[in-house]
Amino acid sequence: MYDWVVISEWIEFAVRWTHVIVGIAWIGSSFYFIALDLSLRKVPDLPAGAHGEEWQVHGGGFYHIQKYLVAPERLPEHLTWFKWESYSTWLTGFAMLVLVYYLGADLYLVDPQVMELHVWQAVLISAGSLAVGWIIYDQLCKSRLGENSTGLMVLLYVILVGMAYFYTHVFSGRAALLHLGAFTATIMSANVFFIIMPNQRIVVADLKAGRVPDPKYGKIAKQRSTHNNYLTLPVIFMMLSNHYPLAFATEWNWLIASLVFLMGVTIRHFFNTMHAGKGTPWWTWAATAILLIICAWLSTAPMRHAPEEAALQGEALRYASAAGFDEVTTIVQGRCAMCHAAEPGWDGIHWPPKDVVLETPAQIAHEARQIYVQAGLTHAMPPANVSFIEPAEREAIRRWFQAAGTGGVDG
């Protein structure tokens with residue numbers, strides 16, 4: 001059983017690493033093409049149908065790039081498509097959602113103090129919200145409102161705020177912000193899969209058939225690409241938020257998430273304006289800093305629920321009943337609880353790291369896997385072994401966890 005823990009940890013690590021790699025590729029290409037599009041210049045000798053050109057230098061070479069608003073007169077022999085970066089990012093992200101939040105729903109997804117849910121109910125709400133979110137967004141873009149880009153963006157922001165409030169009142173704080181990022185990322189990747197790529201294929205098919213492509217397909221794709229551009233940075237914040245309890249485990253986590261979307265707009269506005277050659281609006285950084293300060297202030301508000309003793313059930317009950325649990329409880333309370341407490345006693349630590357509290361037997365049983373991985377199997381905790389946990393104590397943690405897997409119980 002404990003061998004499977006090692007395997008599953010490495011599977012999760014590998015999937016997470018892949019997710020980061022392909023995410024960098026997608027975000028990099030997206031940012032590059034937005035910057036390129038904004039920096040195009042009109043010159044007198046452009047070919048027929050060309051919208052603008054740009055000269056760039058990189059890696060010791062010069063690049064001459066021209067853009068056609070619709071398409072060139074004939075299709076070039078070699079055409080590079082940018083699509084797999086987006087698809088791979090979403091697929092690996094969903095795989096992480098399954099590995100961490102679906103398979104570990106009792107620990108990471110469901111919080112009984114927020115809403116009493118069975119695991120299957122939480123998973124259904126999770127997956128269903130991602131699909132429904134895309135359908136609503138897509139229909140809004142295709143409606144008459146889609147012709148008003150500013151109005152559409154404002155309405156999209158209202159929807160995102162509403163989803164932030166919804167998720168934080170259904171899931172655990174950690175899962176809520178992660179799901180808000182997944183909700184947004186699903187819209188972004190679906191834009192590529194259902195709109196941008198099909199529209200480009202229509203244009204290519206028209207060129208091959210000798211027809212003049214309709215410019216509306218490029219216009220629609222450009223609108224969706226612009227939405228993706230402004231949504232990227234908030235998604236990154238949401239993906240990182242699960243490492244910072246001050247973002248997800250506070251009374252106003254939904255409002256913090258809402259302000260993060262505004263910060264994404266202000267940051268992208270700076271770079272987009274600069275790339276378009278329209279100046280450097282430094283005020284956007286001041287606005288971003290103010291929004292961040294407001295988020296920091298909101299994060300210090302108390303939680304809506306007073307901490308309650310977690311009920312022992314499922315795997316937590318098995319770990320609490322395993323041989324050696326009493327010994328491990330004494331070890332953890334003596335070596336870990338000075339930091340992992342509702343009110344940490346270690347100087348300079350004001351909140352329990354990662355929002356993990358290890359003061360009671362129930363809390364320790366609930367965090368069994370992390371205790372095993374962080375302090376038993378590895379020496380990650382305590383950091384630099386500041387509480388001087390002994391090798392024999394780490395061995396006791398390993399024996400207890402393995403006993404739970406083999407069915408060994410205290411007499």
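Mentor: A residue is called buried when its relative accessible area is under 20%, exposed when that value is over 50%, and partly exposed in between, using a 1.4 Å probe and protein chains only. This is a predicted model, in which local features need pLDDT of at least 70 and side-chain atom pairs count only at pLDDT 80 or more, whereas totals for chains, interfaces and linings use all residues. Residues are numbered from 1 along each chain as its sequence is written, and side-chain values use heavy atoms, with hydrogens and water left out.

Trainee: Does Asp206 count as buried or exposed?

Mentor: Asp206 has 11% relative accessibility and therefore counts as buried. Asp206 lies in helix α6, where a helix is a DSSP run of H or I with at least four residues, a strand is a run of E with at least two, and both are numbered from the N terminus.

Trainee: Which residues is Asp206 in contact with, leaving aside its neighbours within four places in sequence?

Mentor: Contact means heavy atoms within 4.5 Å, and with those neighbours left aside Asp206 touches Arg211, Pro213 and Asp214.

Trainee: How many helices and strands are there in the protein chain?

Mentor: The protein chain has 15 helices and 2 strands, and buried residues make up 42% of its 411 residues.

Trainee: What describes two packed helices?

Mentor: The angle between their axes and the distance between the axes describe such a pair. Axes are lines fitted to C-alpha atoms, for helices over the stretch in contact, and angles run from 0 to 180 degrees between N-to-C directions. Helix α6 (residues 173–208) packs with helix α7 (residues 216–241) at an angle of about 155°, their axes being 8 Å apart.

Trainee: How are α6 and α7 directed relative to each other, roughly parallel or roughly antiparallel?

Mentor: Angles under 35 degrees count as roughly parallel, over 145 as roughly antiparallel, 65 to 115 as roughly perpendicular and the rest as oblique. The helices α6 and α7 are therefore roughly antiparallel to each other. By class, their contact has 18 nonpolar, 8 polar and 1 charged residues, where Ala, Val, Leu, Ile, Met, Phe, Trp, Tyr, Cys and Pro count as nonpolar, Asp, Glu, Lys and Arg as charged, and the others, Gly among them, as polar.

Trainee: At what angle do helix α9 and helix α10 pack?

Mentor: Helix α9 (residues 253–275) and helix α10 (residues 283–298) pack at about 165°, with axes 9 Å apart, and α9 and α10 are therefore roughly antiparallel to each other. The residues of this contact divide into 16 nonpolar, 4 polar and no charged.
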